[in-house]
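Please keep the structure open as you read.

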Amino acid sequence: MFETLNDKLGSVFSKLGRKGALSEQDVTAAMREIRVALLEADVALPVVKDFVEQVREEAVGEKVLKSIKPDQQVVKIVNDKLTELLGAEKAELNLNVTPPAVILMAGLQGVGKTTTTGKLAKFLKDKQRKKVMVASLDVQRPAAQEQLKILAEQVGVENLPIVAGQQPVQIAKRAVEAARLQGFDVVILDTAGRLALNEELMNEVKDVRAATNPSETLLVTDAMMGQDAVQTAKAFHDALELTGIVLTRVDGDARGGAALSMKVVTGCPIKFSGTGEKLDALEEFHPERIAGRILGMGDVVGLVERASEAIDQDEAEKLAQKMQSGEFDMNDMLAQFKQVKKLSGMSGGLSGILGMIPGLPNMNKVKEQMKGANLDDSVITRQEAIILSMTPKERAKPALLKAKRKERVAKGSGTSVQDVNKLLKQFQQMQTMMKKMRKLGKKGMMQQMQNLMQQGGGMPQGPMGGGMPGGMPGGGLPGGFPFK
Amino acid sequence: MKGFFKKLGSALTKSSTKLSSGITDIVTKRKLDHDALEALEELLITSDLGLETSSHLVEQLSKKRFNKEVSDAEVKEVLSEGVNEILVKCEKPLNITANPHVIVMTGVNGVGKTTTIAKLAKKFKDEGKSVMLAAGDTFRAAAGEQLEVWAQRLGLDVYKKEAGSDAAALAFEAYAKAKEDGTDIILVDTAGRLHNKAGLMDELKKIIRVLKKHDESAPHHCLLVLDATTGQNTHAQLKAFQEMVDVNGLIITKLDGSAKGGSIVGLANEFEVPIYFLGVGEGFDDLQEFNAEAFSKALLSLV
């Protein structure tokens, strides 16, 4: 995976030592790293160049030159600038017209227009109490109209009845007319996917626009898109005068640089992001999150959200109490494994979770250590199996596990006695740690974890040896981490 | 062969004109100095070749021609040779080895799996093979219907169940049916899924697992469909799908757009997975066998 810009800039600036002022060369080296980071994140080259120039101007200012941590200062400039460019202003749909307000959805094939149409219809119906009709103008892809009809049923909005053989402009006119007569607030027109190069199809959607005068024309685009984002956005903007962008598949692991390219090229705000397969997975766009991803600086908010999704609150509180009282047993450890696994499943593995933590010192080192320690999801699965092979008594009182019982547990879980021993040792370490924490109180606990994380020492011992998963179930996830 | 060059050439020229004319701008009547090399590297990056592959190619060029007077034709030639060298390892024919021969199509959402299945089916049918389609995307609304429409147009059988049914069970039954009917090839469609979603990837693994109950060597091909407009995320996609379901071949779609699909050069460099076909249009016949030399030349507008 990628090195974070943080790490890279850190190493550029650390070479400077304590000599104080930055030279022109230092800044150039730093700018090169920024350029690389943005390109790896699929930000289009012309946009990258422009961006780097802007950052350079700010970076050579006195603030950075004299700051004690120039790397952090530069990262901050980059992050702020990215967030600002991605959308400082709140971008809402403009539906203040004589009803029905028409929303036209356009984009390349396979970006998720139809699904987004369904999600947007649901969003407007549920969140803004609008009466919504959808209509598919996609006469190209087989069963596309059928698909939107099914989605409309699922979200409970009206779908314009399908009339076989009608052409897009005819359908669009019919939809607007029907919506007007039947008193709908909004009509969303889904169109066929088309290549910007296909003149015939681009003219067709232009005609639709002319015939319906939409109050919103949204370009749907995929967060995984590469360098072509510039050409595509430009062509669609030239043809349709876009009013906004919808970024789909933000739940994938792409860096999403295309968002920046498209925003810069069209000047249109990114109004929504698609964050999952379910029909309610449409969110207002959060520029700071994409900015963080582009820079590889993590996504704390996203992590916390996923954590709260994954972690059963009641369970977590129970566990926290047990931790405080020191009555932590194997059953609790098992519960903890389950939650970590669930979270890791949602985040693309344990390293995915780590990737979402911003500013984790020496991210790559940690990842290597994880590799070295074979710390991945399968380790947790194996450890789960070990606990599951214990009797309830053994789980409650692990001290019972002597040689013979250990052998049985190892056989039952398909592991070795050594593995069982390792787990028991981890369990002991955790217990010791918890006792210490209890003495330290909440404030001291954070300090302790901070020390653990900064040493990076806890990690390789196994998933539970370090501070990371241990801090999670307490519901104290964000606070438990040592970063602001 | 001529037709192929022409088709791919014309599909890619639209898109690679910029790359090509860019090169002309950079190197017309000048020495190949640092600035020129950097500008060339940037041009390759804009074709999604990625930073690493782009620098590698430019470095090669620099070794051969640095500080010499070069023509743009020469630069293109050297670069396209470099690309070809990387891609040629991935040029392999897709051999039918079993009866029924099972091909499972995978990929993230919206890359064109269903359309590609129709194109592949047409190709096999034209070669005189009997083909069955299995509508394994039971998740997306009307995905089965979409495949059914294609099947009707092609006059093929499609094995389909109601939306929401278990895709693995469907694949299992489809195999049994194909075996009974003596069908040569089964093309199994699957729902698009993001590779970082463990639950969905497990479902895909299950489809593979149950097919193996019929035939240990099935699926004989597990193909990953990649979209040419996708940027560097193709690496993450291939890596994840390979780890999870042993992907053993690629198909690149949407090469008729303005995206150049350059990320496959980087992929080929890293993974050496066969690239079987390229999708170059929306018609049935717009599927081309992958030819490294043709692709490399088309990418740099040498055809």
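Where pLDDT is low, the predicted coordinates should not be read in detail. For chain A the mean pLDDT is 79, and 71% of its residues reach 70 or more.

A word on the ground rules: this is a predicted model, in which local features need pLDDT of at least 70 and side-chain atom pairs count only at pLDDT 80 or more, while totals for chains, interfaces and linings use all residues. Residues are numbered from 1 along each chain as its sequence is written, chains are lettered from A and ligands numbered from 1 in the order in which they are written, and side-chain values use heavy atoms, leaving out hydrogens and water.

Now turn to chain B. Here you will find an open sheet of eight strands with mixed pairing, in the order E5-E4-E6-E3-E7-E8-E9-E10. Helices (H or I, at least four residues) and strands (E, at least two) are DSSP runs, numbered from the N terminus, and two strands pair if DSSP finds at least two bridges between them. Strands E5 (157–159) and E10 (287–289) of chain B stand at the edges with a single partner strand each, so one side of each is left without a neighbour in the sheet. On average, neighbouring strands of this sheet are turned by 25° against each other, direction ignored.

Within the sheet, E3 (residues 101–106) and E7 (residues 221–227) of chain B pair in the parallel sense over four bridges, and Ile103(B) stands opposite His221(B) in E7(B).

Three bridges join E9(B) in parallel to E8 (residues 249–253) of chain B, with Leu250(B) and Ile275(B) as bridge partners. Three bridges also join E9(B) to E10(B), but these two run antiparallel; there, Phe277(B) has Glu289(B) as its bridge partner.

Methods: pLDDT is the predictor's confidence in each residue, from 0 to 100. Axes are lines fitted to C-alpha atoms, for helices over the stretch in contact, and angles run from 0 to 180 degrees between N-to-C directions.
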